[in-house]
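Hi,

Here is the structure I promised to pass on. Please open it next to this message and read along. My notes follow below.

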Amino acid sequence: MKKVTVTMDARQAAAVRQALFIDTKIYTYDPISVPERVVDIRNVIVDIDEQLEKEEVECQNDCPPGTVYIDGECAELDG
């Protein structure tokens, strides 16, 4: 099967992830009875989650010493 790559920023990815989750939440997690389409969508959700986590770690690593990554930005530590 051919692959398709879509580029979006983290906020867009989170919005797409949420929409996909809402679309599939009514379905069971039983692999025998869930439609293949839902399995495919749930795999995309996992891919998006992994990419968002990777982005978060990269941003955390970019913070200068004495700061911590909170709510999308580097913040100075108290004390």
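**The largest pocket**

The largest pocket has a volume of about 820 Å³. Its lining is made up of 23 residues, and those closest to the pocket centre are Val4, Thr5, Val44, Asp47 and Ile48. Please keep in mind that this is a predicted model.

Which helices supply the lining? H1 and H2 each give at least two residues to it. The largest share comes from H2, with 12 residues.

**Confidence**

The mean pLDDT of the protein is 86. A value of 70 or more is reached by 97% of the residues. Among the elements, helix H1 (residues 10-24) has the highest mean, at 92. Strand S1 (residues 67-70) has the lowest, at 74.

**Salt bridges**

How many salt bridges are there? The count comes to two.

One joins aspartate 49 and arginine 17 through their side chains, with 2.6 Å from N to O. Aspartate 49 sits in helix H2 (residues 36-62) and arginine 17 in helix H1, so this pair ties together parts that are 32 residues apart in sequence. Aspartate 49 has a relative accessible area of 23%, so it counts as partly exposed.

Aspartate 23 and arginine 37 also form a salt bridge, and their closest N and O atoms are 2.7 Å apart. This pair too links distant parts of the chain, with aspartate 23 in helix H1 and arginine 37 in helix H2, 14 residues apart. How accessible are the two partners? Aspartate 23 is partly exposed, at 34% relative accessible area. Arginine 37 is partly exposed as well, at 45%.

Threonine 24 is placed in helix H1. Is threonine 24 buried or exposed? Its relative accessibility is 2%, so threonine 24 counts as buried; the cut-off for buried is under 20%. Leaving out residues up to four places away in sequence, threonine 24 touches Val38, Ile41, Arg42 and Ile45.

Alanine 10 lies in helix H1 too. Alanine 10 has 40% relative accessibility and therefore counts as partly exposed. What separates alanine 10 from valine 57? They are 47 residues apart in sequence, and their C-alpha atoms are 13 Å apart in space.

**Strand S1**

Threonine 67 belongs to strand S1, the element with the lowest mean pLDDT. Which residues does threonine 67 contact, once neighbours within four places in sequence are set aside? They are Cys74, Ala75, Glu76 and Leu77. For leucine 77, the C-alpha atom is 5.3 Å from that of threonine 67, and the two residues are 10 apart along the chain.

**To look at on screen**

Begin with the pocket and find Val44, Asp47 and Ile48, which are among the residues closest to its centre. Go on to the salt bridge between aspartate 49 and arginine 17. Then find the salt bridge between aspartate 23 and arginine 37. After that, turn to threonine 24 and its contacts, among them Val38 and Ile45. Finish at threonine 67 in strand S1.

Best wishes

How values were computed: Residues numbered from 1 in each chain as written. Predicted model: local features only at pLDDT ≥ 70, side-chain atom pairs only at ≥ 80, totals over all residues. Heavy atoms only, no water. pLDDT = per-residue confidence, 0-100. Helix = DSSP H or I, 4+ residues; strand = E, 2+ residues; numbered from the N terminus. Buried < 20%, exposed > 50% of the residue type's maximum accessible area, 1.4 Å probe, protein only. Contact = heavy atoms within 4.5 Å. Salt bridge = Lys/Arg side-chain N within 4 Å of Asp/Glu carboxyl O. 1 Å grid on protein atoms, 1.4 Å probe; cavity = no way out; pocket = protein on both sides within 12 Å on 5 of 7 lines; lining within 4 Å. Points joined across faces, edges and corners; volume = space filled by probe spheres on them.
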